[in-house]
Amino acid sequence: MVIGKVKEVFPGGNTPRGFVSCFDYIIPADTCRIMILKGGPGVGKSTFMKKIANRMMEKGYDVEFHHCSSDDDSLDAVVFPKIGVALIDGTSPHIVDPKHPGAVDEIIHLGDYWDETGIRQHKDEIISINQKIGKMFQRAYRFLSAAKSIHDDLEIAVGEGLDIGLANQRAATLIETLFNGCSIGERIGFCRKLFGSAITPKGFVHHLETVFAPYQHIWMVTGEAGTGKATLIAKLAQAAMERGLNCEAYYCPFDPDKMEHLVIPELNIAVTTGVDPHRVDLDDRKVTMIDMNQCLRPGHWQKVQAVITEDRQFIDELTKRAIHCLAEAKREHDRLEQYYIPYMDFQAISALGEGILARILKGAECSS
């Protein structure tokens with residue numbers, strides 16, 4: 001039996017700007033089928049998706065598991081790339097609605113399988129818990145915003161010593177090496193944007209080993225904050241798109257404007273920033289190191305060492321407070337689910353899942 005391959009990513013993230021969504025990049029809008037799941041907490045959306053995904057894997061289909069940044073054990077989406085099908089959690093905070101109803105998208109409302117009368121008995125408790133959850137998330141985001149301000153201070157202190165000309169030369173040399181023989185294309189390539197890691201109630205979590213699994217040669221960009229790692233990776237992504245190549249960029253949840261990792265499947269190229277907390281276990285694969293600290297002017301590192309040490313301490317403390325708030329929100333969310341679970345007809349939902357699986361497989365057979 002051939003088991004499908006797995007890739008695990010995050011389609012959204014808890015960031016200093018609040019929740020940032022990349023849900024528009026889960027799957028192209030012109031794909032075959034998008035099934036949007038609606039319903040409250042505890043109705044079984046994640047379990048519904050996991051069961052279908054596991055069955056598809058058993059039948060040899062590759063699967064992307066898109067994890068929830070507020071609960072890494074839960075899913076926001078599953079994607080079957082070969083057949084262009086996705087199941088997506090379309091509820092808050094990542095509200096997703098059909099763009100091409102009937103033609104591409106459809107809504108599967110798991111709320112059709114609950115006893116609303118039973119749930120309404122707990123109206124006051126549900127409203128109260130939802131308010132607590134909202135407050136915990138807002139506190140988490142304020143702590144992350146404060147941490148990001150300190151991180152900016154660190155970047156500025158380090159960046160003042162960056163030899164920008166040398167950093168640009170590094171980027172140009174790498175572009176020439178990686179894209180040797182690739183001319184500028186007639187069309188612009190597409191860049192799919194996702195998160196490779198997340199700030200979760202458990203702390204920083206990533207599944208990047210699954211992203212880099214197909215690649216035997218990895219380019220690893222290292223260096224302190226402010227040395228231009230993200231700028232270099234962004235230049236690589238731009239160079240790929242200029243040559244008509246599609247790529248996948250994985251952004252930083254701590255700074256969602258910055259790329260942390262990049263893969264260009266058509267050229268079998270993978271680039272990562274080899275720094276904590278998203279350091280990847282690359283086993284015995286070939287790794288080419290690019291140390292951006294070498295672009296700092298001589299002696300600058302020693303000048304700002306005290307600032308770096310102090311700022312890191314503040315960042316760590318503020319981030320820990322944010323994670324504590326996310327953990328509190330998760331505990332409240334778990335309580336909230338208990339007001340829904342007893343009133344769900346999970347047997348009917350299981351039967352619905354079997355029907356959805358049959359439809360997906362039938363569509364896959366027709367398209368093959």
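Residues are numbered from 1 along each chain as its sequence is written, and side-chain values rest on heavy atoms, with hydrogens and water left out. Because the model is predicted, local features need pLDDT of at least 70 and side-chain atom pairs count only at pLDDT 80 or more, whereas totals for chains, interfaces and linings use all residues.

Six strands form an open sheet in the order β1-β5-β6-β7-β4-β8, with mixed pairing. β1 (6-9) and β8 (105-109) stand at the edges with a single partner strand each, so one side of each has no neighbour in the sheet. From one strand to the next, the twist averages 25 degrees. Here strands (E, at least two residues) and helices (H or I, at least four) are DSSP runs numbered from the N terminus, and two strands pair if DSSP finds at least two bridges between them. Strands of a sheet pair through backbone hydrogen bonds, either parallel or antiparallel.

Within this sheet, β4 (residues 33-38) and β7 (residues 85-89) pair in the parallel sense over five bridges. Methionine 35 has leucine 87 of β7 as its bridge partner. Helix α1 (residues 45-58) packs on the sheet and touches β1, β4, β5 (63-68), β6 (71-80) and β7; contact means heavy atoms within 4.5 Å. The direction of α1 makes about 50 degrees with that of β6, where axes are lines fitted to C-alpha atoms, for helices over the stretch in contact, and angles run from 0 to 180 degrees between N-to-C directions.

The structure holds 20 salt bridges, each defined by a side-chain nitrogen of Lys or Arg within 4 Å of a carboxyl oxygen of Asp or Glu. One of them joins lysine 7 and glutamate 64, whose closest N and O atoms are 3.5 Å apart. This pair links distant parts of the chain, with lysine 7 in strand β1 and glutamate 64 in strand β5, 57 residues apart. Lysine 7 counts as buried because its relative accessibility is 17%, and glutamate 64 is buried at 6%. Buried means under 20% relative accessible area, exposed over 50%, and partly exposed in between (1.4 Å probe, protein chains only).

Glutamate 106 lies in β8 and arginine 359 in helix α8 (residues 346-367), 253 residues apart. Glutamate 106 is buried, at 18%, while arginine 359 is partly exposed, at 41%.

A further salt bridge lies within one helix. Glutamate 116 and arginine 120 meet at 3.2 Å, N to O; both belong to helix α2 (residues 116-120), four residues apart, about one turn of the helix. Glutamate 116 is partly exposed, at 44%, and arginine 120 is exposed, at 57%. Elsewhere, Lys148, Asp152, Glu155, Asp255 and Lys258 are linked in a network of salt bridges.

The largest pocket has a volume of about 1100 Å³. Its lining comprises 43 residues, of which Pro41, Lys45, Thr91, Ser92 and His333 lie nearest its centre. The elements giving two or more residues to this lining are α1, β6, α3 (123-159) and α7 (300-337); α7 gives the most, with seven residues. On a 1 Å grid over the protein atoms alone, a pocket is an open set of points where a 1.4 Å probe fits, with protein on both sides within 12 Å along at least five of seven lines, and lining residues have an atom within 4 Å of a point. Grid points are joined across faces, edges and corners, and the volume is the space filled by probe spheres set on the points.
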